[in-house]
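Work through the following exercises with the sequence and the model open side by side. Each task sentence is followed by a solution that goes step by step.

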Amino acid sequence: MDDIIFREVLNTEKAPLVLAGTEEMVAEYRTVSAYKHLYPEAIIGNHTYDDLQALCRQARNILQPYFDQELDKAKERYANESATRLTSSIVADVVPAAFYGQVDTLFAARDAHSWGTFDEMNNVLKVDDEMNGENDDLVDKAVVKTIANGGRVFILPKEQMPADSPVAALMRY
């Protein structure tokens, strides 16, 4: 079984794999697995009749510290570079940077909006006070463009943002 899983699915992956099964099954699988990224914690028990979504939620809870590592490193980097030109929490700076591939890491406040338009061809940004039917949510646009340009995005509650702004960015250059 490990050969098939490794060959067909995991051979190019580096993501952690949480095992679920009886103690004996998990221990035995660990000894024969070729996958080097087995997560140390497992979901122990007989899960034959468990709801798959509930099992996924358990795995997500186990992996939360793993997921938080990347966020914590990014926030630390933002704090360390906050006095340089490689960071910004000004919407008027972050949105064009996201469009032009300058944003390496974007922090976006969950449910935050900044309405306006951005003309990418002419590099003209217009920020509006409210949604008017002719404008866009510039936060959403920055998120989409950052991902499209190979950047990382963290959607955070407002109180967890590294700056008091709907967006904060670490720039590539």
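**Exercise 1: the antiparallel sheet**

Solution. Two strands count as paired if DSSP finds at least two bridges between them. Within this pairing, G116 stands opposite V127 in β6. The next step is the sheet itself, an open one of 3 strands in the order β6-β5-β7 with antiparallel pairing. Because β6 (124–127) and β7 (136–137) each have a single partner strand, they stand at the edges, and one side of each is left without a neighbour in the sheet.

The model is predicted, so local features need pLDDT of at least 70 and side-chain atom pairs count only at pLDDT 80 or more, whereas totals for chains, interfaces and linings use all residues. Residues are numbered from 1 along each chain as its sequence is written, and side-chain values use heavy atoms, with hydrogens and water left out.

**Exercise 2: the mixed sheet and its helices**

Determine the strand order of the sheet with mixed pairing, and find which helices pack on it.

Solution. This open sheet has 4 strands in the order β3-β9-β4-β8. Its edge strands are β3 (87–88) and β8, each of which pairs on one side only. Between β4 and strand β9 (residues 167–171), which run antiparallel, there are 5 bridges, and F107 stands opposite A168 in β9. Helix α3 packs on the sheet, touching β3, β4, β8 and β9, and its direction makes about 100° with that of β4. Helix α4 (residues 91–99) also packs there, touching β3, β4 and β9, at about 55° to the direction of β9. Contact means heavy atoms within 4.5 Å, while axes are lines fitted to C-alpha atoms, for helices over the stretch in contact, with angles from 0 to 180 degrees between N-to-C directions.

**Exercise 3: an aromatic cluster**

Trace the ring pairs that link Y78, F107 and F154 into a cluster.

Solution. Rings of Phe, Tyr and Trp (its six-membered ring) pair if their centres lie within 6.5 Å, and planes under 30 degrees apart count as stacked, over 60 as edge-to-face and the rest as tilted. The whole structure holds 5 aromatic pairs. One of them, Y78 with F107, is edge-to-face, at 5.9 Å centre to centre and 85° between the planes. This pair links distant parts of the chain, 29 residues apart, with Y78 in helix α3 (residues 52–80) and F107 in strand β4 (residues 103–109). F107 and F154 are stacked, at 5.8 Å and 20°, and join strand β4 to strand β8 (residues 152–156) across 47 residues. Finally, Y78 is buried at 6% relative accessible area, as is F107 at 0%, where buried means under 20%, exposed over 50% and partly exposed in between (1.4 Å probe, protein chains only).

Methods. Helix = DSSP H or I, 4+ residues; strand = E, 2+ residues; numbered from the N terminus.
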